[in-house]
Amino acid sequence: MENLIAEEGKGFHVALRALTYGRIGIGASGVGMAQSAFDECVEYIKHREVFGKKIAHFQYWQYRLAEIAIQIENARNLYSKAALRMDQGVEFPEPEAAGAKYYCTECAIDMARDAVQIFGGYGFMRMLANDQSTYKVEEIYRDSKITEIYEGANEIQKWIISRNIFGKGFTG
Ligand SMILES: Cc1cc2nc3c(=O)[nH]c(=O)nc-3n(C[C@H](O)[C@H](O)[C@H](O)COP(=O)(O)OP(=O)(O)OC[C@H]3O[C@@H](n4cnc5c(N)ncnc54)[C@H](O)[C@@H]3O)c2cc1C
């Protein structure tokens with residue numbers, strides 16, 4: 001009994017609360033990865049020339065990065081809202097926590113996939129030379145994938161959100 005955490009018989013409740021808290025953190029880490037890949041890309045395409053133009057002159061990438069900039073902003077707002085509600089004492093701030101976990105991590109993998117594309121062959125390479133130099137985007141692509149899986153796969157987050165919409169009678 002001296003090692004008891006919280007109330008007896010409430011273990012599952014405590015575990016679910018810890019998972020909810022963790023999901024907000026994973027959402028924040030997704031935003032961090034997306035922002036980092038975004039910043040790398042903006043710098044890179046202002047300098048890399050293809051077919052006589054900097055990549056940043058191509059409207060395709062201007063618009064794609066505009067879309068992702070707003071996606072990152074939305075993702076940041078969503079995990080911040082979930083965190084604020086939890087700080088205010090809401091034990092299970094749903095659907096924001098599940099939404100933050102799935103939306104922010106999807107944002108990270110979307111940005112990372114485009115980042116590897118923007119860097120082309122360099123984006124695919126783990127190491128640039130035997131001095132251990134790297135571009136970060138390959139690492140971010142690998143690291144961002146796991147965020148869609150751990151702390152509850154994103155399909156589970158969508159189930160939690162659906163349960164808030166339809167109720168347990170429909171979703172189980
Ligand atoms: C690097 C790493 C670190 C980890 N750290 C921790 C940790 O610190 N603590 C911890 O407890 N666990 C940790 N895990 C475990 C992690 O939480 C699980 O891997 C994750 O929950 C998925 O479980 P699973 O691997 O058994 O896959 P499975 O449960 O076999 O799921 C595989 C896939 O099936 C699909 N799926 C599963 N359930 C459903 C459903 N209901 N509806 C629709 N599709 C579904 C999803 O696409 C899912 O990705 C870690 C895993 C990794 C790889």
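Predicted model: local features only at pLDDT ≥ 70, side-chain atom pairs only at ≥ 80, totals over all residues.
Author: Residues are numbered from 1 along each chain as its sequence is written.

Reader: What puts the buried residues of α4 on the same side of the helix?

Author: The buried residues of α4 are Val 137, Ile 140, Tyr 141, Ser 144 and Thr 147. Because they cover an arc of only 115° around the axis, they lie on the same side of α4, the arc being that of the directions from the helix axis to the C-beta atoms. These buried residues pack against α1 and α3.

Reader: Why does Val 50 count as exposed?

Author: Val 50 has 11 C-beta neighbours inside 10 Å, and therefore it counts as exposed. Val 50 lies in strand β1, residues 49–50, a strand being a DSSP run of E with at least two residues and a helix one of H or I with at least four, both numbered from the N terminus.

Reader: What makes a set of residues a nonpolar core, and which residues have the most contacts inside the largest one?

Author: A nonpolar core is a set of buried Ala, Val, Leu, Ile, Met, Phe, Trp, Tyr and Cys residues joined through C-beta atoms within 7 Å. The largest has 35 residues, and Ala 34, Ala 37, Ala 112 and Ala 115 have the most contacts inside it. Helices α1, α2, α3 and α4 each supply at least two residues of this core, and α3 gives the most to it, with 15 residues. Leaving aside neighbours within four places in sequence, Ala 34 is in contact (C-beta atoms, placed from the backbone, within 7 Å) with Ile 72, Ala 75, Cys 107, Ala 108 and Met 111.

Reader: How does the radius of gyration of the chain stand against that of a compact globule?

Author: The chain has 20 Å, whereas a compact globule of 172 residues would have a radius of gyration near 16 Å, taken over C-alpha atoms with a globule rule of 2.2 Å times the number of residues to the power 0.38. Along its principal axes the C-alpha trace spans about 70 × 40 × 30 Å.

Notes:
Buried ≥ 20, exposed ≤ 12 C-beta atoms within 10 Å, placed from the backbone. Contact = placed C-beta atoms within 7 Å.
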